[in-house]
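Student: Could we go through this entry together? I would like to ask about individual residues as we go.

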Amino acid sequence: MNLSRILLTAAAALLSSISLSAQNPIIRDDFSADPSAHLFNGRVYVYPSHDIPAPPDYYRRDWFCMADYHVYSSDNLVDWVDHGVIVDQVTAPWVRDNGYSMWAPDCNFKNGKYYFYFPAGQKPKTGAFFAGNGIGVAVSDTPYGPFVCEEKPIQGIGGIDPCIFIDDDGTPYLAWSGRGLQLARLKDNMLELDSEPITLTGIPRGQTEGPFLFKRNGKYYYTFPWVEDSREALAYCMSDNPLGPYEFKGKFMEQSETICWTNHHSFVEVDGQWILFYHHNDYSPYFDKNRSVCADYVGFNPDGTIIPVVPTLRGVGVTKATSLIQIDRYSDKSEKYVASEFVNASNPFDGWKAVLWNTTQEKEPRWISYNRVDFGKDKLNTATVRLLSNAGGKLELRADSIDGPLLAQFNVNGNFLWVEKTVILEQDIKDIKGIHDLYLLMTDGNHFEVDWVNFK
Ligand code: FUB
């Protein structure tokens with residue numbers, strides 16, 4: 001690799017970081033997909049692919065379009081830092097520089113280095129139009145770069161969606177999607193195959209891609225998106241050996257209820273709790289090739305099988321009461337007449353609002369809840385809600401349940417305008433401390449929109 005390429009990669013990795021926030025999706029200022037999450041040195045690093053709207057030099061406007069990779073990290077699963085571009089199609093030596101096919105990547109740590117694996121269309125030989133997909137490696141001393149790309153992709157394999165798994169004894173394995181789901185041992189140098197690839201068998205009919213291999217309690221899990229009907233569910237096989245044979249165990253996430261055709265995922269254990277990272281098309285409801293990374297907790301049955309995960313708006317982590325609590329990504333709600341909608345449908349990245357309403361026939365209290373809010377150790381004095389109402393009414397904030405301790409009450413005159421309304425906390429609740437679920441109730445009125453809640 002020449003010096004200018006190294007400098008470009010280093011500069012990208014040093015780009016100033018941007019703080020993002022909690023809830024789903026976790027990356028809220030850009031599209032992101034195919035998340036591969038790992039715990040390195042006490043921080044969770046997520047290596048996603050990066051969807052972009054097709055630029056003029058890309059001939060397909062209806063397809064995936066990906067020109068580079070970012071890496072994100074967090075020490076609390078709530079505040080995510082974007083470390084900038086780590087690899088891109090123009091500076092990666094063997095990659096077609098207008099291919100826009102930098103699909104699902106992965107990264108892992110061995111021999112004191114971080115190895116980033118990524119698929120991409122190769123530069124065609126002179127005179128040829130197409131050269132097929134390679135899987136390349138870029139190496140770094142840190143999980144966030146700068147990464148230096150190998151001159152050539154891994155020899156002897158082609159395909160997409162590499163996953164690098166390191167067993168407890170240090171043996172590396174590469175899983176990927178080629179002619180079926182593939183798996184091979186890697187040499188200690190992390191750059192060459194050390195065994196003939198194996199094709200997974202025994203998976204019921206249905207297209208597969210995007211493997212993620214992990215180990216828990218001595219069992220190996222080979223997990224993958226699996227097309228059943230017309231969209232991808234997430235499914236898995238289990239084995240007592242890394243190279244199988246694997247036994248099909250079924251789905252652990254159903255197909256998205258939106259139009260999103262793909263899903264792609266990874267598992268990571270943080271402080272004894274397993275988390276599933278995956279993607280949906282939250283910010284792009286009408287075009288499913290612009291996707292967004294989400295995360296939810298995942299559990300296991302005593303026999304090691306995965307308890308199916310139902311996607312949430314709320315996601316993972318504990319939210320500080322003193323932050324802008326995006327209660328529109330609620331964890332629970334009253335049965336009827338509550339929805340999470342875009343604040344500004346013409347710019348989804350403005351985020352969501354919760355809408356609570358009643359009809360002329362029905363006048364019930366409507367509510368939403370947001371779990372795991374940390375009220376801290378210090379005394380709080382005020383609560384603020386950013387809201388909009390047509391004819392006004394009354395909102396309440398409560399802790400722990402819909403009839404739990406009253407935190408604050410808001411009497412609102414409606415005027416169809418967004419306002420930030422602040423009230424003093426109820427006297428006997430001012431010393432609320434620690435982690436509680438937060439409930440917001442519309443106890444009077446027939447239309448409220450709520451953007452966020454904040455305590456000071
Ligand atoms: O992101 C492009 C492709 O879509 C990935 O490589 C697949 O796993 C699917 O998510």
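Student: Is Tyr222 buried or exposed?

Tutor: Tyr222 is buried, with a relative accessible area of 0%. Buried means under 20% relative accessible area, exposed means over 50%, and partly exposed lies in between, with a 1.4 Å probe and protein chains only. The model is a predicted one, in which local features need pLDDT of at least 70 and side-chain atom pairs count only at pLDDT 80 or more, while totals for chains, interfaces and linings use all residues. Residues are numbered from 1 along each chain as its sequence is written, and side-chain values use heavy atoms, with hydrogens and water left out.

Student: How many aromatic pairs are there?

Tutor: The count comes to 38 aromatic pairs. Rings of Phe, Tyr and Trp (its six-membered ring) pair if their centres lie within 6.5 Å; planes under 30 degrees apart count as stacked, over 60 as edge-to-face and the rest as tilted. One of these pairs is Phe109 with Tyr114, whose ring centres are 4.7 Å apart and whose planes stand at 40°, so the pair is tilted.

Student: Which of those two is buried, and which is partly exposed?

Tutor: Phe109 is partly exposed, at a relative accessible area of 37%, whereas Tyr114 is buried, at 4%.

Student: And what about Tyr222 and Phe224?

Tutor: Tyr222 and Phe224 form a tilted aromatic pair, with 6.4 Å from centre to centre and 55° between the planes. Phe224 is buried, with a relative accessible area of 0%.

Student: Which residues do ring pairs link into a cluster?

Tutor: The cluster is made of Phe212, Phe214, Tyr221, Tyr236, Phe252, Phe267, Trp274 and Phe300.

Student: Which charged residues sit over rings?

Tutor: Lys289 lies over the face of Phe64, at 5.6 Å from the ring centre. The charged end of Arg329 sits over the ring of Trp352, 3.6 Å from its centre. A charge sits over a ring if NZ of Lys or CZ of Arg is within 6 Å of the ring centre and within 35 degrees of the ring normal.

Student: Turning to the ligand, which residues are around it?

Tutor: The residues around the ligand are Asp34, Phe64, Met66, Trp103, Ala104, Asp161, Glu209, Thr262, His264, His279 and Arg291. A residue is near a molecule if one of its heavy atoms lies within 4 Å of it.

Student: How does that shell divide by residue type?

Tutor: The shell divides into four nonpolar, three polar and four charged residues. Ala, Val, Leu, Ile, Met, Phe, Trp, Tyr, Cys and Pro count as nonpolar, Asp, Glu, Lys and Arg as charged, and the others, Gly among them, as polar.

Student: What distances separate the side chains of Asp34, Asp161 and His264 from the ligand?

Tutor: An oxygen atom of the ligand is 2.5 Å from an N or O atom in the side chain of Asp34. For the side chain of Asp161, the corresponding distance is 2.4 Å. A polar side-chain atom of His264 lies 2.7 Å from an oxygen atom of the ligand. The protein covers 100% of the 270 Å² of accessible area that the ligand has on its own; accessible areas come from the Shrake-Rupley method with a 1.4 Å probe, and for residues only the protein chains shown count as cover.

Student: Where is Lys110, and what does its side chain contact?

Tutor: Lys110 lies in strand β6, residues 106-110. Helices (H or I, at least four residues) and strands (E, at least two) are DSSP runs, numbered from the N terminus. Lys110 counts as buried at 10% relative accessibility, and a polar contact of 3.0 Å joins its side chain to that of Asp188. A polar contact is a pair of N or O atoms within 3.5 Å; within protein, one must be able to donate a hydrogen and the other to accept it, and residues adjacent in sequence count only if both atoms are side-chain atoms.

Student: Which peptide bonds are cis?

Tutor: The bond from Asn24 to Pro25 is cis, with omega near -5°, and Pro25 is found in the loop between β1 (18-19) and β2 (33-40). A cis peptide bond also joins Gly145 and Pro146, with omega about 0°.

Student: What is phi at Asn41?

Tutor: Phi of Asn41 is near 50°, a positive value in a residue other than glycine. Asn41 counts as exposed, at 67% relative accessibility.
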